[in-house]
Amino acid sequence: MVALSVMLATFMVVLDSSIANVALPHIAGSLSASTDESTWVLTSYLVSNAIMLPASGWIARRIGRKRLLMISILVFTVASMICGASLSMPMLIVARVLQGAGGGGMQPLAQSILLESFPPDMHGKAMAAYGVGIVVAPVIGPTLGGWITDSYSWRWIFYINLPVGLLALFMANLYIEDPPYLRQVLRGGIDFLGFGMMAVWLGTMQLVLDKGQEADWFEATWICWLAAVSVAAFLGFVARELMRNDPIVQLRALANRNFCMGTAITGLYGVVLYGVTALLPLFLQTLLGYSALDSGLAVSPRGLGSMIAMVVVGTLASRFDSRFLLALGLGIFGISALELASLNLDISMGSVAWPNFFNGFGGGFVFVPLTTLAMGRLRKQEIGNAAGIYNLVRNLGGSIGISALTAFLERGSQTHQNYLGTHLTAGSPVATATLQGLTARFAQGGADGVTAHREALGAMYGSLQQQASLMAYADNFRLLGYLSILCIPLVLLLARPQAAAEAGGGVMGE
């Protein structure tokens, strides 16, 4: 019941990070906003969510973990209701900021509650339950959002959180208890300077990542300034946290080898996980002409693969070395991404479904053992803070990955287009024959000779653009596959979680 309680909250939060994506045009039209303005619906949520992730452990030490979890669920649920009832874009953005703040506290809290509530030999099963929310929710989010938006209204993508939130609040109150060391509320002033620098660092970095491609990155002066402010705030934040006795984020946890390496791997995994999740629906809709609902159905086998993997790995985690399971998951994930690199414009839905299934299956094998390995050598008092850092790095990896892949996609399409265009010359027999054939076909439709020739040229250029985009997508999927496989050697730097107990309690830096 503890696992179900925190999984409900986690599922609701992660679902809302992706469910609004397909509804942005409807939201913009309904609230008389431009498409650029509507993207703030996503950005505002991500920024406030990122700020709360690392701060949740510090706040829990002051007001109690159970109380913070219940407050977070309540804030998220009320903010969801306000989102659905919004009458203007500013009102919706403010509500999304509140929603992100409430959701940011729930992910690390859920993780730390599970790791402390279950004995070490059941950590695999606990993380499998938690992983259902983390891995499956982003997959079904776009599909569910597209169906709700098409069938009812975009407002219902927020209203559906109300019954789930109320049930999660009731179950958290009934089943969640604070550990003994948190039952005494700690006293101390709020480090406004540290919190402020953290907010500035994460907020400006998220804006650079979200808007960089639109502004041509560092060719825009304001992007350069935001990047400089983000770096300065980050350095100041790190210095501030290392100097304080009771910092908001205990960066010293990174001195633990397992946690440091596990956090690095989860950041890279965030790049490949969110990269595939973002690229594939875009490929299906822009190049193959799938609707939002059809593209969601095509990628839905990933969720099925993830759920099956969670059940399997939860059983195997106590019997096999977690490092072996992690390496196996990274390998399966990488091979499935490489398989996606072989897609073409004539594929069926089944050609997309099977690589997606194995993509989700491999992802399930990564998530559970990686979390238990990263947290397995920490003391219980350190898990709450460490979970905030761990989740933040994974989300930042996703943001960086999506931004980088978007840039690679745009620039790769231009590069391939220039390369392919050199072969479309008047001296090419194939190009000449194709042009003549298309011109004759358009002329049969009633167009005069000049118009038919122009339409034929336009059709050939459109085909050229499609092929160039296809090659750019293949390059990105291939890159993600190689990156996943290259993470496997890093697994060798991790030690078994049980070693901490055998050595005497998992001392920091051990």
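These legends describe close-up views of a predicted model. Local features need pLDDT of at least 70 and side-chain atom pairs count only at pLDDT 80 or more, while totals for chains, interfaces and linings use all residues. Residues are numbered from 1 along each chain as its sequence is written, and side-chain values use heavy atoms, with hydrogens and water left out.

**View 1. Helix α16, residues 349-375.** Helices are DSSP runs of H or I with at least four residues, numbered from the N terminus. Helix α16 has 27 residues and should span 39 Å at 1.5 Å a residue. The expected span is 1.5 Å times one less than the number of residues. The end C-alpha atoms of α16 are 39 Å apart, which agrees. Of its 27 residues, 22 are buried, so α16 is largely enclosed by the rest of the structure. Buried means under 20% relative accessible area, exposed over 50%, and partly exposed in between (1.4 Å probe, protein chains only).

**View 2. An edge-to-face pair, Trp-147 and Tyr-152.** Rings of Phe, Tyr and Trp (its six-membered ring) pair if their centres lie within 6.5 Å; planes under 30 degrees apart are stacked, over 60 edge-to-face, and the rest tilted. The count by this rule is twelve aromatic pairs. Trp-147 and Tyr-152 make one of them, with 5.6 Å centre to centre and 75° between the planes. Trp-147 is partly exposed, at 41% relative accessible area. Tyr-152 counts as exposed, at 56%.

**View 3. A tilted pair, Phe-361 and Phe-365.** The ring centres of Phe-361 and Phe-365 are 5.1 Å apart and the planes meet at 40°, so this pair is tilted. Both residues lie in helix α16, four residues apart, about one turn of the helix. An α-helix has 3.6 residues a turn, so residues three or four places apart point the same way. Phe-361 and Phe-365 are both buried. Ring pairs also join them with Trp-354, Phe-357 and Phe-358 in a cluster.

**View 4. The largest nonpolar core.** A nonpolar core is a set of buried Ala, Val, Leu, Ile, Met, Phe, Trp, Tyr and Cys residues joined through side-chain atoms within 4.5 Å. The largest holds 102 residues; Met-198, Trp-201, Leu-280, Phe-283 and Leu-284 touch the most other members. Helix α12 (residues 257-286) gives the most to this core, with 13 residues. Leaving out residues up to four places away in sequence, Phe-283 touches Leu-288, Leu-343, Asn-344, Ile-347, Leu-470 and Tyr-473. Contact here means heavy atoms within 4.5 Å.

**View 5. A salt bridge between distant parts of the chain, Asp-216 and Arg-411.** A salt bridge puts a side-chain nitrogen of Lys or Arg within 4 Å of a carboxyl oxygen of Asp or Glu. The structure holds four salt bridges. In the one shown, the closest N and O atoms of Asp-216 and Arg-411 are 3.0 Å apart. Asp-216 sits in the loop between α10 (192-211) and α11 (221-243), and Arg-411 in helix α17 (residues 380-421), 195 residues apart. Asp-216 is partly exposed, at 38% relative accessibility. Arg-411 is partly exposed too, at 35%.

**View 6. The salt bridge of Glu-382 and Arg-379.** The N to O distance is 2.6 Å. Glu-382 counts as buried, at 6% relative accessibility. Arg-379 counts as partly exposed, at 36%.

Terms used: Helix = DSSP H or I, 4+ residues; strand = E, 2+ residues; numbered from the N terminus.
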